[in-house]
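Here is a short report on the packing of one protein model. Follow along in the sequence and the 3D view.

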Amino acid sequence: MTGADHLYFRQLLAGRDFASGDPVARQMVNFVYVLGDRETGEALLVDPAYGVRELVELVGAEGLRVTGALATHWHPDHVGGDLMGHPIQGVRELLAIDGGVPVHVNREEAWGVKRVTGASDSDLVLHDGGDTVHVGSVPITLLHTPGHTPGSQCFLVDGKLVAGDTLFLEGCGRTDLPGGDATEMYESLTQRLARVPDDTVLYPGHLYSADPSATMGETRRHNYVFRLRTLDQWLMMFGDGF
């Protein structure tokens, strides 16, 4: 039996599936993902934020235990911290549960995660694009996709792309926030993600569309960000951020 054969994968919507009483969670419509190995009982949380203990308990109810976290990027609605005066649970609270777990980040994103969560160097595991993280025997490929932030990363696992704020079903992450770069975003969408097959299912960081997921082929056909064929066209429309 391969790792993919016993992959546990779950998409959870903040404000609905957990943290249902949190008005900020309901407004921000963040997704949190659980990637696990049913055989070993290990699980990783992708972008744990809002009701962190509730997330851990949800995983436990499935017979799994949280052994680490993956961060797509440092923004507080994904890893916790202060969001425009609203405190959001996240990595800080996860590290306080049962002695803490390793948090996997792109090395370009470590500064931001530490700044907003209070995590220390010893709490973080730094990665480069192309690295593989295992949960049990399930391999997860880390894709460095800068643009929304310098160290934004996506996770490729068993025909699924967990994309954070790099790519949504409709649109992509803003580039006018600190660390954003429109040119890098264009390269990430058209070059760095080009090797992801059309039948791969895209799972975004927010519910910004009617559907919670779609194939990359459908997304490439229908998402307006793929209609601009050159960098010059892209920068004419999105160069000032969007």
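Helices (H or I, at least four residues) and strands (E, at least two) are DSSP runs, numbered from the N terminus. Just after helix α5, G118 takes a positive phi of about 80°. This is a predicted model: local features need pLDDT of at least 70, side-chain atom pairs count only at pLDDT 80 or more, and totals for chains, interfaces and linings use all residues. Residues are numbered from 1 along each chain as its sequence is written, and side-chain values use heavy atoms, without hydrogens and water.

Now α5 itself, residues 110–117. A110, G112, V113, V116 and T117 are buried there; buried means under 20% relative accessible area, exposed over 50%, partly exposed in between (1.4 Å probe, protein chains only). These residues lie on the same side of α5, because they cover an arc of only 165° around the axis. The arc is that of the directions from the helix axis to the C-beta atoms. Their cover includes α3, β5, α4, β7 and β8.

H104 sits in strand β7 (residues 103–106). H104 counts as buried because its relative accessibility is 11%. Its side chain makes a polar contact of 2.8 Å with that of H127. Such a contact is a pair of N or O atoms within 3.5 Å; within protein, one must be able to donate a hydrogen and the other to accept it, and residues adjacent in sequence count only if both atoms are side-chain atoms.

Two nonpolar cores follow. Each is a set of buried Ala, Val, Leu, Ile, Met, Phe, Trp, Tyr and Cys residues joined through side-chain atoms within 4.5 Å.

| Core | Size | Residues include |
|---|---|---|
| Largest | 38 residues | F18, Y50 and L94 |
| Another | 22 residues | L143, L156, L193 and M216 |

Definitions and conventions. Contact means heavy atoms within 4.5 Å.
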